[in-house]
Each structure stands twice: as C-alpha cells, then as structure tokens.
Amino acid sequence: MNAIIISALLGVLMMYMGFVTKKTRNYTMVAVIGLLALLASIWLDYVGFPFFQIDTKGMLGFNSFGLTFDLVVVASCLIYFLLSGAEIETFGKSSSDFYALIFFILTGMFIISGMKSLLILFIGIEIVSIPLYILAGSEKSNLKSNEAALKYFLLGSFSTGLMLMGIAFIYGDSGTFYLEGINIGFGALSSMMAIGLVLILAAMSFKVSAAPFHFWTPDVYDGTPTVFTSFMATIVKSAGFFAFFKLFENAFGSFHKHWELLISFIAVLTLLIGNITAVFQQSLKRLLSYSSIAQAGFMILGVYALNIYAKQGLILYFAVYSMATIGIFAVLAKFKDHSIEAFNGFAKRHPMVSAAMLICILSLAGIPLTGGFFAKYYMLLAVIKYAKVVWLAIVAVLCAAISVYYYFRVIQAMYFKDAETYEEVEFSKGFKYMMIINAVLLILLGIHPDWLFSLVSN
Amino acid sequence: MFAAFDNFPALLIWLPLLGGILSFTIGKEGKARMISLISSFLSLGVVVASYFLSNSNYLELNAVSYVWMPQIGAGFGFVLDGLTRLLCLLTAIAFPIVFLVTAKDQYKRSHAFFGLMLLTQTGLMGVFMATDALVFYFFWELALIPVYFLSSIWGGEKRIRATFKFFIYTFVGSLLLLIGILYVYMNTSDQSFSIVSFYNNTKLTSGEQHWLFLLFFVAFAIKMPVFPFHTWQPEAYEQAPTPVTMILSGVMVKMGLFGLIRWLLPIFPLAMKDYQQGLIIMITVGMIYASLVAIYQDNIKRLIAYSSIAHIGLMAVGILALKNVSMQGAVLQMFNHGINIIALWIAAELVERQTGITKISALGGIAQRAPKLAMFLVLSAMANIALPLTNGFVGEFMIFNGLYQYSPWITAVAGISIILSAVYTLNMIKNVFYGETVAATASFTDISRLHVWVFIGITIIIFVLGVYPTPVLNVIHQTADIILNRFN
C-alpha cells in the first residue's frame, strides 16, 4: 500500500515541477530521489512497516511475491532513469510531465501487484495503459509517433473491451469478482466461464504482446520515441506478465488442465513468430521489438507451468530482461541511425560501453554467467517440472538457439566489423559507469540468482 | 601433511581465470604475454604435482565442493581423479606449447587475445573437473564463448561465418544437453545436480533413458565431432587462428569424448546397450568417409581437420565398445592425439607463416631447406598414424584390441581407416616436404631454436608414452573398471 500512495503523490509532484524549476536536469534528479524513496517505502512494507492501513474490502493484498515484484520494478525503473534520463530531458520544459506519467504508470503496476479482485485488475491495467498512449505519441512532430499512439490506443482499447467482456462473463457465472472466490467456486467448466476465460486470455495476450495478438508491437515500438520504447518493452511488459501470472494462478489455478493446452499453443506460436521474424530485421530497434515478443514467449512458459519455479523464475526474468533491454535501448537512443550497421566498429570507438552492451546482449541470448541464463533455465525447469512436458522445452531451446543468431549479429557488428563512416556518439562518464554497473549486476544475478529468490519465498 | 593440497583442483580454475582477467586489464602486450606464460606454466606445475601425491580413485581424489545454491541442489564441486587428471594434464601442456610456439607472433589487441586464451583454459579445466551437472554445463558453455571471440576477431578471411556456424551448432547441442540435465535432475531422489546423485538415480524408466541418452549424445557428438555432426569443423579449423585451432582440435574436442565417459554411459546404462551397435556402425562409417575426404583435400588445414574426425571417431568407438581395454586405450589416445595433432598444427602453421600458402599442390621440397622441421613433422606424423614405438600405436592398439572383442567385422572396417590415414598423411608429407622446391619454398628457412625445443619436448612425450605407457594406464584403469561395472 505504501508504494501505491507514494508513487501517486510523486506523480502529482512531478506534474507541478515545471512551476518550481525550469532546469530539466533537476527533473531527473527529483525523479531519481523519488524512486529511491519509493524503493525504501516498499522495503519497509516488505519487512512489516506499512505506513497506511486502508480498508479495501479485501480487494488489495500484498504478499512477498507482489512486493518483490514491486522492488524489481522500481529498481529497473531506477536504472532506466539513470541511463535514459538525459533522453527524457531532450523533450524540454515539459519533460517533467513524462516523469509524472511514468510515476502514474508505476502506481498502476503497484495496484496490479496487489490485486485480489478482477475490478482492481481492470483499474490497474487502465492506469498503466492510458499514460502509455500519451508516451507513445510524445514526439508530436513525428508522424510515426502519432501513428504509434493511435494504433496503440485503438487496439489497446479494443483489448480492454475484450477483457471487460470476459470479466462480465466470469462474474455472471461465479457471482464474484474476487480471484479466490472464482477459484474456489469452480466446479465443472461451464460455457460462460469458458468464454470469459478465453476473452481474458486474449486480452492478456494482447497486453504482453503474445502471438497471435502481437501485431501491434513492432509498429508501436518502432514509432514510439526510443527512450519510451525502452520503458514499454521492459517494465510495462513485466507488469503485464505479472498480472497474467497472478490472475491465472489465483483465479483459474484450480482448472489449470482446461487451459494449459491453449496457453502452450500461444507460447509456441509466440516463440516461433518472435524469433523467426527477428532474424530478418535490419533495424536494431525493430529487432529488439521482435526480441521482446520472443522473450515474452519464454515468459509465457512460466504462466503455463504455474509452479514455484515459475514464480521465482518470472521475477528473475523480469529483472534481467528489463536490465538488459534497458541497457541496449539506452545506447540505441543516442543514435539517430537505428540500423545494426550503425554499430560496426563500435567496440573500437567505445570499448567500455560496448563491453557493457555485450553483456546485455549475452544475457538476452541466455548465455551462462549472465542473469539471462538462469531466467531461461528456470522457465525450462518449471515446464519440465510441470507434468514433465519436454516437447515444449525443446521448442523453447531451439528458439533460443535461433535467438542467438540475431543477437550475435549485433555483437558481430560491434566487435568484428569495421566501419568507414560512422555516426559520432557521445557518452557521458556517468552513463558509462551506469552501464558498467548494470552489466555487473547482470553477471551477479547470473552467479547468484538465489539472492532474488529468497525474497520471493519469504 | 597435504591437507591444504586437497583444495587444489580449484587452483586450476583460479590460476587461468585470474591470469586471464589480469592480462585483460593490464592492456600491455609484453606483460600480457608474460602473464599468460607464467599462469599456464603454473597450471602445468599444479597438474604434474598432483601425479605424485596420491592414487586415483574414480570421483574420489581431491574432491572439493563449495556451497553455491543449496536450495536447488547445486554446488561448486570439482574433482581431480585419474581420468580428469590426464585431461587436465593435456590442457596444461597444450597451453604453454601454444604460447611458446606463437611467442614471436604479433596480434592486434594482444592483451585481449591472451586474456581470452586463458579464459578458454579456465573453461576447459572446469569441464573436466566438474562433479556437478550444472557446473559442468556452465563451464561447457564458458569454454565456447572465448573461442567464439578468438576465432571471430583474429581468424581468417571467412572467419565470421565459419565461427558462427560452429557456435550455433554447439549452442544447439548444449541447450539440448541442458534439457537433459534438467530432466535427470528432476528425477534424482534428492533433487541434486551432483554426479553421485546422477549416477545413482533410480527413477528413470528405460523409455526415459532412451530419449535422454539422445539429448546428451547429440551435444557430445557435435563437440567431438563425429559423422554426421561434423560439418562445422573443417571450416572452423581452417578459419580460426592457428593457436586457437590447436586448442580446438587438441583439447576442446576431447570435451565430447570426456562427456561420453563421465556424463553419458554411467547415467544411462540401459539405453547405452540398445544404442551401442547403431552408434558404433554410424561412427565407423563416418571414419571411412572422413578418411576418404581427407585423401582428396588439397589444403593442409582441411586435411588435418578431416583426419581429426577419423581419429576422434576411433576413440569414440573404443569408448562405446564397452570393453575395458578399449576404453583405457581411448582415454590414453585422447591424450596422445592431443599432443600429436598440436605438433602437426605447429608444422602447418610454420609452413603457412613463411610461404603464405596452405595449398598442398603449390608447395614442395621444404625438407631441403628445413631439415629439422621436416624431421619433427615426420615424427609426429608417424605418431599420428600409429607406428609402433610411438604413443599413437599403444592407444590405437588397445582400442582395436577391445573392439575386436566386440566385433571383428567392425574392427576390420575401422582398420581400413588407419590404412587410409597413412595414405593421406604420407602423401601430404611427400608433396609438401619432399620433391623439388618451388618458387614459394625456395627461400624457406629452418625453424628457430625455440621451436626446436618445443618439438623436442613433444618428441619425448611421443616416445616415452610409446614405449612405457604404464604410469598413465595406472592412473586410468580404475575409471574404466568403475564405469564398465555399471553395465554388469
């Protein structure tokens, strides 16, 4: 509860920052301090000192899983602000508005993390989505950005509509919005429940850009200003998955057998489409948007398996996937040319940044000694543990092998190719150190992922 | 007295790791070179010392274990038993040789080159010593990454494509291995990755063993490589820089054979018996195929690459025959082959460096200009085709001995590949070293004193093991006993 209220207040504070100071540098500073405060308040909540006691009629409740998720979100967001703050500032005097929007999005995520009722789920997802539509269209002079915003808004509203319809069907059948009530009151699968479930599944798949509901992703990610794509593709996607997992665990867990085939179909389709399409991309930005679909395929395996390994693994996956992708996007945002060729010879010009970026890429590809390995490892473990489904794991690792193909094209460009002409890019000292810290964290999580797990299982 | 000594398997990981990181950060060529030499010789010293200090019980000697992730049953476990010790010795010998031979070579960004080489050594040592499946997998991958960078940065013209093919191949293999490991782990009675639990798991049904066997086998077969998983290899050997090729063909391919012995046969004995015949026939056919292809190669590097497929195939057959003598022979031969093929690569590298040519038909008469090089090359070639008195003879004789107990027919077919290996090796020597000198070799100069010393060292190993292999066999015979006991 701490987090929801404080982040909402921080959002309001950031909105009025424009009156306090005109220096854009200060906005980032205040936002970072705000995040640190948020981190501390969540930690206090975690160890048992909630500031606020509000009666929500049992619609909100926080457990260690949800709070760990909150911690991961805020930590990723901190890294995001520190790496990409300079790009947000380029939006000028109104850049504090964007920080405000991001804090509102965080509020929505915290609501999702505590949801115990379908209504709260709906409210949380809307609070996350609406500021996102604005962020997508934040570059007003750019037609592609406008297109992205409109596309995202129309399709997003449509999927929200589907979700509402699904919620209505489920309420009609079970007579309750509470997740636990739905789970307990479940006997045989009625047709109303089945329709509701499929509608919600479709809506959630849309939110996490799982195939066959992924078509909006490449265009929206490509059109959105790079700095906000970074946020959308990582932290927001994690929140979508958290909602997905929590909803299906708490509300539909007792009839797992009925939907597992459907969701394994979605997982396989997402893995194949994401990975195979990514192979043909020439622009790193588009490549990353397909890679985010591919990674989503792996995360869906966690929803499929729905056991303790999936729980721990998803938290780890959120953390390492967000850190790695934010790192790459932060470098990419400094470039005007988003093609992979723009990175030819990058390692010679900027050895430190490219070394850090290398680790991010290796982590996305799931190479051992980076956090990405254990994230994928836990998804596979969860799937194999759940009813010993090995064919799904084999499809997943073959797709992981395909992913190496396109991720390593970036490495090849950076390290093995030379460029005759290149775009001169400047990196500040702070940026370089932050990239290195990010990379070191990824490696630490690749050696001791259990530090994160102990938070989940407490 | 040697209480502290028990921990030293970890030393073989730390020495190259620290050396590698140091030479990365130091950034100066001379110092990086020095560090790599010192650290590789220290590793050699540690392994040699281990030979004198105790017996070699399988999976018992000098076992160390660190807590890593107890919740999931993974620990950093290492061991230096007989089998491991021989392979660590090979690794520890190979790296100083490589560093010495290339001591005069210039590399751009050489500190990174040496750093990556030492990290490769770390990975190899870890693979050989790991007693925990997750740690094994970790190092299995870690040995691959630096090699990928080494080959892609310092390799030949078509390096990026060739190395990438190599990487993708092995990566697919290792991911399948990972699934296999996870599945076995799920079925261990105490939910642990330790090799002891893997050996003594009883929950796997025969059906499960069969497909798990295939997952593991594909990973190892790609690494060895045996037919039909070999297509990455000739290109990768040709395009990688020669020091890396030496490590790849001398040491790294042994990872696959080692995997067979330690991580495949004892874990899935039921499946092994059913697949035995099919695999042996497949690999034997592959040996003949590789030998025939080698005969038609006009490129020294590709020739050695194909000859390596044939020889590795023979060792794999020796292991899969499940006979005591052939398994010992195969382990011994793993060591011998590593030494011999490194010697061949050194010769090929010296020829290429002076003439810039690897085409066999464009060379000739080098022996007139460089008698010392020719003499050493002939010696190591003899060892490679297993002439009596050389180390190769002992190993291959033992393999054939065991193979004959398994099936005389297979032995006869496999024997043909030995004859073929004599054909192409001698043919290569004749065309490159004897006959008339050509324009490219007219001004060939003989090898330097440093290289002579390296070759003398290799020659000593060749003959000592060819005449008196008993000390090595003493170290490994128990491995064979224990593993084969699981099949009775």
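I started with A:Lys57, which sits in the loop between α3 (24-47) and α4 (64-89) of chain A; helices here are DSSP runs of H or I with at least four residues, numbered from the N terminus. This is a predicted model, where local features need pLDDT of at least 70, side-chain atom pairs count only at pLDDT 80 or more, and totals for chains, interfaces and linings use all residues. Residues are numbered from 1 along each chain as its sequence is written, with chains lettered from A in the order in which they are written.

Phi of A:Lys57 is positive, about 55 degrees, though the residue is not a glycine. A:Lys57 is exposed, with 8 other C-beta atoms within 10 Å (12 or fewer is exposed, 20 or more buried, in between partly exposed, with C-beta atoms placed from the backbone).

Next I looked up A:Leu369, another non-glycine residue with a positive phi, near 80 degrees. I found A:Leu369 in the loop between α16 (351-365) and α17 (371-385) of chain A, partly exposed with 19 other C-beta atoms within 10 Å.

Then I turned to the prolines. The A:Ala211 to A:Pro212 peptide bond is cis, with omega near 0 degrees, and A:Pro212 lies in the loop between α9 (191-207) and α10 (216-223) of chain A. In chain B, a cis bond joins B:Phe227 and B:Pro228. Most residues other than glycine have a negative phi, and most peptide bonds are trans, so I was glad to note these.

Last, the interface: 20 residues of chain B are in contact with 21 of chain A (C-beta atoms, placed from the backbone, within 7 Å). On the chain B side, α7(B) gives the largest share, twelve residues.

How values were computed:
Two residues are in contact if their C-beta atoms, placed from the backbone, lie within 7 Å. Helices (H or I, at least four residues) and strands (E, at least two) are DSSP runs, numbered from the N terminus.
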